[in-house]
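Please examine the sequence and the three-dimensional model that follow.

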Amino acid sequence: MKNEETLELIRARYDAVNSHDWKTFEGFYADSIVWDDPGLSEPISGPRSVRKRLENLSEAFPDLQWKLERIFGDGDQVCAEFTFTGTHRGDFLAPDRERLPASNTSIRIKACGVYVVRNGKIVDSKLYFDFGGLKSQILRSGAQKAKA
């Protein structure tokens, strides 16, 4: 794929996240995909697992949005900076298996995705964000509500 086609594929992937079109989202991934992010205790593999990861996030944050801020790449490698926003309205499981019950907290986290694309499919996906900051936003709001 040409560089611009690879960048367009990743842009379309973000569009699928923002429209919560999980079938289309799953279609961007190769069978060999390995996905890793700080909210997981270990990487996951396979398109169905990746889809399930985002479905779970959207259950916890039903208004989940990943606003793409900047995207660039070279060949089959792409880096995308984005902002993750949403309202915590469902249970959320932390990597240590701690259950964070719905807090109705609006969250905002800066993040970065690094992708490898081969033959028109994403084969490697690593997301980097401050999971501690995400958890802190949720817990801080819960503590403030408890005081009120």
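E7 and E8 pair in the antiparallel sense over eight bridges; two strands count as paired if DSSP finds at least two bridges between them. Helices (H or I, at least four residues) and strands (E, at least two) are DSSP runs, numbered from the N terminus. The model is predicted, so local features need pLDDT of at least 70 and side-chain atom pairs count only at pLDDT 80 or more, while totals for chains, interfaces and linings use all residues. Residues are numbered from 1 along each chain as its sequence is written, and side-chain values use heavy atoms, with hydrogens and water left out.

E7 and E8 belong to an open sheet of six strands in the order E2-E1-E8-E7-E4-E3, with mixed pairing. Because E2 and E3 stand at the edges with a single partner strand each, one side of each is left without a neighbour in the sheet. The partner of E3 (residues 65-74) is E4, and the two pair in the antiparallel sense over nine bridges.

The next topic is empty space. Rolling a probe the size of a water molecule over the atoms shows where empty space is left. The search uses a 1 Å grid over the protein atoms alone: a cavity is a set of points where a 1.4 Å probe fits but cannot get out, a pocket is an open set with protein on both sides within 12 Å along at least five of seven lines, and lining residues have an atom within 4 Å of a point. Grid points are joined across faces, edges and corners, and a volume is the space filled by probe spheres set on the points.

A search of the whole structure finds one cavity of 30 Å³ or more, and the volume of the largest cavity is about 40 Å³. Its lining consists of Trp35, Asp37, Arg53, Leu57, Trp66, Phe82, Phe84, Ala111, Leu127 and Phe129. Helix H3 (47-60), strand E4 (77-88) and strand E8 (121-129) are the elements that give two or more residues to this lining. By class, the lining of the largest cavity has eight nonpolar, no polar and two charged residues. In this classification Ala, Val, Leu, Ile, Met, Phe, Trp, Tyr, Cys and Pro count as nonpolar, Asp, Glu, Lys and Arg as charged, and the others, Gly among them, as polar.

The largest pocket holds about 300 Å³ of space. It is lined by 16 residues, of which Leu40, Arg53, Asn56, Leu93 and Arg97 are the closest to its centre. H3 and E5 are the elements that give two or more residues to the lining of this pocket, and H3 gives the most, with six residues. The lining of the largest pocket comprises eight nonpolar, four polar and four charged residues.

Which residue forms a salt bridge with Arg53? The partner is Asp37, the closest N and O atoms being 3.0 Å apart. A salt bridge is here a side-chain nitrogen of Lys or Arg within 4 Å of a carboxyl oxygen of Asp or Glu. Arg53 lies in helix H3 and Asp37 in the loop between strand E1 (29-36) and strand E2 (44-45), so the pair ties together parts that are 16 residues apart in sequence. Arg53 is buried, with a relative accessible area of 10%, and Asp37 is buried at 4%. Buried means under 20% relative accessible area, exposed over 50%, and partly exposed in between (1.4 Å probe, protein chains only).

The structure holds 11 salt bridges. Among them, Lys135 and Glu98 meet through their side chains at 2.5 Å, N to O. Lys135 lies in helix H4 (residues 131-147) and Glu98 in the loop between E5 and E6, so this pair ties together parts that are 37 residues apart in sequence. Glu98 is partly exposed at 30% relative accessibility. Another salt bridge joins Glu4 and Arg11, with the closest N and O atoms 3.0 Å apart. Glu4 is partly exposed at 47%, as is Arg11 at 26%, and a network of salt bridges links Glu4, Glu8 and Arg11.

Two residues other than glycine complete the account of the backbone. Arg97 has a positive phi near 75° and is found in the loop between strand E5 (92-93) and strand E6 (99-100). Arg97 is exposed, with a relative accessible area of 62%. Asn104 has a positive phi of about 60° and is placed in the loop between E6 and strand E7 (105-118); at 47% relative accessibility, Asn104 is partly exposed.
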